[in-house]
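This note is for a colleague who is opening the model for the first time. Please keep the viewer at hand while reading the points below.

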Amino acid sequence: MLQSSIYTFFLCFTSCFFKVSCSSSEFSLEGDYLLGGLFVLHEVDHATPLSTPEAIECSRHTFSVSGYQMFQVMRFAVEEINNSTTILPSVSLGYEIFDHCSATKNFPAVFSFIAENGSIKPKKMLNGHQPKVIALTGPYGSARTMTIASLFTMDLIPMVNYGATSYALSDKLQYPSFIRTIPSNKDLIHMIIRIIKWFGWNWVAFLGSQDAYSEDGLRQFNKYISNTGICLAYQEALSLEANYSLALKKIDLLKINVIVVFALPQYAKNIIKAAIEGNIRFKVWIASQAWSMDQQLPREPGIEKIGTVIGITEKLLTLPRFAEFIFKATGTTNVHENDSIEVQNDTCNQACKCCSFLTAEEIINENPTFSFSIYAAIYTIAHALHKVLQCNINECHKNTTVRPYMLLAEMKKLHFPLNDRQVKYDDNGDPTINYSIVLWHTERNPPWFEMVGTYDTYPEITFTINSSLFPWRNNGSVPFSNCSVKCKEGFSKVPEGLHDCCFQCQKCPRNSYVNYSWEPYTCFPCAESEWSDEGSTTCKTRSVVYLEFTETTSIGFMVSAICLLILLIAIFCLFANNHDTPVVKSAGGSMCFLMLACLTVSSISMYFFFGKPTSAHCILRNVMFAFFFTVCLSCLTVRSFQIVCIFKMAAKFPNLHSLWVKHNGQWLFIVFSSVIVLIACVLWVTVVHPKPTRDTSFNDQIILVCENENAITVSILVFVSWFLGVLCLMFSYMGRDLPKNYNEAKLITFSIVLFYVTWTAFFTVDLTLKSKYILLFNAMAQLASINAILFSYFIPKAYIIIFQPKKNTLAYFQISIQNYTQTICRT
């Protein structure tokens with residue numbers, strides 16, 4: 001058995017080298033320059049591991065109509081070029097074509113191409129070696145191509161391929177003589193990703209076959225879906241004997257509605273048939289170029305129920321006069337003119353027993369996916385030869401020695417029009433992209449293909465899909481194939497599971513936003529100068545506000561403050577002019593001037609609430625008021641105590657009264673309380689002094705305010721002032737029955753109560769109101785506090801001085817004291 005296998009291999013090898021007598025058939029044509037062609041006229045359905053050195057007889061396997069059509073396109077292109085008077089005038093092309101049905105058992109044909117005069121002499125291959133062919137096209141399939149490519153690399157014989165799409169072949173270090181007229185898997189995957197993104201899908205499955213074509217496609221798909229939002233939910237490489245139904249059931253359970261079938265036709269047929277038998281319904285099937293224009297599969301019964309099939313193919317261009325060529329070929333040529341086929345013809349794989357039974361219509365109507373690629377491949381070789389031979393309109397320099405590497409160098413620089421398309425190659429030997437998106441219409445008989453989109457890279461990148469042409473079910477809406485429902489605007493994604501496409505939606509809180517193009521899983525905080533509402537995708541710029549002098553409210557307040565200041569100065573002058581009168585003395589004498597001076601200085605602090613705040617503004621608006629107003633309160637407290645002391649304590653506690661008068665107790669108390677307040681103010685200013693700050697707690701504004709971080713000193717000042725107010729109220733209550741001229745209990749009580757009410761109202765507003773006008777309320781609280789003392793304590797006395805001078809006499813005051821004494825005695 002082993003001897004028989006070895007004998008068969010060498011018999012085939014020898015016959016291909018020395019006894020090939022196929023020149024009269026379709027497989028060969030004589031010419032000045034010979035081209036090689038490798039086409040899959042027969043498909044090996046069940047490949048077996050190679051255990052003995054043997055060649056294969058392709059004609060014993062399944063016949064491929066599509067492969068025979070590709071075969072005829074090469075013959076047609078060569079004939080057209082030979083009949084042309086412009087491309088290669090006075091030069092003829094010939095060809096030698098082999099049936100290349102196996103990746104591992106078709107080497108005799110390859111050896112024939114690289115042989116010189118029927119022999120291969122490795123030592124001479126780099127020294128003027130002239131192989132049998134100057135270039136070749138084929139074979140179909142990446143695995144077949146990569147298996148033999150290195151043999152042509154040795155002599156840099158151009159392989160202008162029409163059907164090998166593996167991106168690995170773009171590596172010019174490994175495959176320097178490889179050029180293709182069909183886009184690579186990388187380009188095809190980019191196209192598939194564009195379609196998926198166009199319809200908003202992100203939950204997809206990828207089914208392939210166990211070969212180099214599908215493995216490369218899956219590798220490219222995994223590489224280029226990163227950062228696109230697309231998740232590969234299920235992937236599997238299937239063998240011909242695999243359980244296709246089980247894979248489809250898994251896809252159905254995962255609720256995947258978009259399935260990319262990146263496989264060779266025989267595998268794709270098994271997948272689609274399994275889907276029909278398994279009642280897999282309403283899916284979207286994206287067909288790779290290998291089977292997107294299959295002529296038999298759309299006719300499968302029940303295929304219309306599986307859903308929508310979207311195919312990707314090169315733009316289909318009709319080849320003028322190709323039909324005429326086929327009718328001529330089928331009418332006059334019999335593939336086997338000699339019925340007694342010699343052994344060498346069969347083993348050379350230049351035999352096709354079924355070809356003669358095909359009609360012209362069957363050949364013409366077969367899958368046209370690769371027709372233009374083959375056509376362009378032959379024209380690429382012809383144009384390169386045109387350059388090497390330095391052809392002009394009339395003739396070519398036939399005496400020029402043509403080496404394959406010379407053609408290869410010219411091919412890389414080619415750029416020529418062909419049937420309204422530009423043929424040119426990039427640095428990797430890959431062509432420009434001219435894809436079409438076709439929609440299968442399987443609901444009719446016969447089924448038909450409709451072009452619904454295009455993708456071109458020359459002269460510029462354009463991608464279009466006419467979505468209105470898709471007959472989607474569910475009222476025409478695009479099928480849903482996403483792991484999670486898209487989040488509403490302003491919601492961030494909370495990851496759920498292993499895939500990025502699976503998530504829950506969470507609304508972004510106020511003053512944060514989500515940026516879907518940058519990081520959809522995080523709510524980013526807005527900058528200090530920005531703000532946002534709940535559920536925002538952007539931040540808005542805050543307006544910087546403060547109390548300006550030009551505002552109406554500011555002007556009204558300033559007028560009131562100026563009037564208060566004028567009134568304080570006027571009363572101070574009035575009291576100074578009447579300092580010896582009983583009314584002024586009863587008001588405290590020199591002490592009332594200190595009170596008026598403190599109120600005057602306190603009123604000045606209100607002007608620093610307006611304008612853009614500075615450190616000086618912050619110190620003067622609060623610290624100055626706190627110190628001087630507290631000193632005024634201490635004077636008012638002493639004054640209320642003195643009246644009670646004179647009329648009540650002097651009689652009951654004469655010694656205590658004597659000490660108070662002897663040691664100027666009133667001034668000691670004022671100085672003591674003032675020192676405490678002064679120390680607190682100094683600490684407030686020096687340790688953590690008030691400074692301008694930006695209050696961002698407001699929604700759409702940044703309010704320039706003064707920051708008072710020294711809570712201890714502020715608490716001391718508040719405590720002292722409120723404690724003094726309590727003492728005032730207590731002493732006023734004790735002196736409620738004193739002589740009328742000395743009885744200021746009601747006035748002091750009113751001013752202190754107004755003081756408390758004012759500041760309680762301010763603190764309440766400060767906690768509830770969020771506005772720049774809180775500063776205005778602060779200034780108004782100070783204004784009201786000053787007015788409370790001024791109008792309740794000083795204005796009534798000023799009124800007596802001006803309008804009731806009779807009451808401002810010593811006699812009047814003595815009468816009041818006598819009446820009070822008599823009242824006390826009677827009681």
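Is Gln289 buried or exposed?

1. Gln289 counts as buried, at 2% relative accessibility. Here buried means under 20% relative accessible area, exposed means over 50%, and partly exposed is in between, with a 1.4 Å probe and protein chains only. Gln289 sits in the loop between β12 (283-287) and β13 (307-314). Leaving aside residues up to four places away in sequence, Gln289 touches Ile182, Leu188, Tyr213, Ile312, Thr313, Glu314, Thr369, Phe370 and Tyr435. A contact is counted when heavy atoms lie within 4.5 Å.

2. A word on the basis of these values. The model is predicted, so to speak of local features pLDDT of at least 70 is needed, side-chain atom pairs count only at pLDDT 80 or more, and totals for chains, interfaces and linings use all residues. Residues are numbered from 1 along each chain as its sequence is written, and side-chain values use heavy atoms, with hydrogens and water left out.

3. Overall content. The protein has 23 helices and 27 strands. These are DSSP runs numbered from the N terminus, with helices being H or I of at least four residues and strands being E of at least two. Of its 827 residues, 53% count as buried. Among contacts between residues at least 6 apart in sequence, 71% join residues at least 24 apart.

4. Disulfides in general. A disulfide is a covalent bond between the sulfur atoms of two cysteines. In this model the rule is a pair of cysteine sulfur atoms within 2.5 Å, and by that rule the count comes to nine disulfides.

5. Cys231 and Cys501. These two cysteines are joined by a disulfide, with an S to S distance of 2.1 Å. The torsion about their S-S bond is about 100 degrees, so the disulfide is right-handed. Cys231 lies in strand β10 (residues 231-238) and Cys501 in the loop between β19 (491-495) and β20 (503-507), so the pair ties together parts that are 270 residues apart in sequence. Cys231 is buried with a relative accessible area of 6%, and Cys501 is buried with 2%.

6. Cys391 and Cys396. In this disulfide the sulfur atoms are 1.9 Å apart. The torsion about the S-S bond is about 110 degrees, so this disulfide is right-handed. Cys391 has a relative accessible area of 12% and is buried; Cys396 counts as buried at 6%.

7. Cys618 and Cys706. The sulfur atoms of this disulfide are 2.0 Å apart. The link is left-handed, with -80 degrees about the S-S bond.

8. Which cysteine sulfur is closest to that of Cys632? It is the sulfur of Cys598, at 6.1 Å, which is too far for a bond. Cys632 is buried, at 0% relative accessibility. For Cys728 the closest cysteine sulfur is in Cys632, 9.2 Å away, again too far for a bond. Cys728 is buried, with a relative accessible area of 0%.

9. Helices α16 and α22. Two packed helices are described by the angle between their axes and the distance between the axes. The axes of α16 (residues 590-604) and α22 (residues 774-803) come within 10 Å and cross at roughly 155 degrees. That makes α16 roughly antiparallel to α22. Axes are lines fitted to C-alpha atoms, for helices over the stretch in contact, and angles run from 0 to 180 degrees between N-to-C directions. Angles under 35 degrees count as roughly parallel, over 145 as roughly antiparallel, 65 to 115 as roughly perpendicular and the rest as oblique.

10. The contact of α16 with α22. On the α16 side are Cys592, Met595, Leu596, Leu599, Ser602 and Ser603, which meet Gln782, Ile786, Ile789, Tyr793 and Phe794 in α22. By class there are eight nonpolar, three polar and no charged residues. Ala, Val, Leu, Ile, Met, Phe, Trp, Tyr, Cys and Pro count as nonpolar, Asp, Glu, Lys and Arg as charged, and the others, Gly among them, as polar.

11. Helices α12 and α13. Helix α12 (residues 371-388) packs against helix α13 (residues 404-411) at an angle of about 105 degrees, with the axes 8 Å apart. That makes the two roughly perpendicular. Thr380, Ile381, Ala384, Leu385, Lys387 and Val388 of α12 make the contact with Met406, Leu407, Glu410 and Met411 of α13. This contact has seven nonpolar, one polar and two charged residues.
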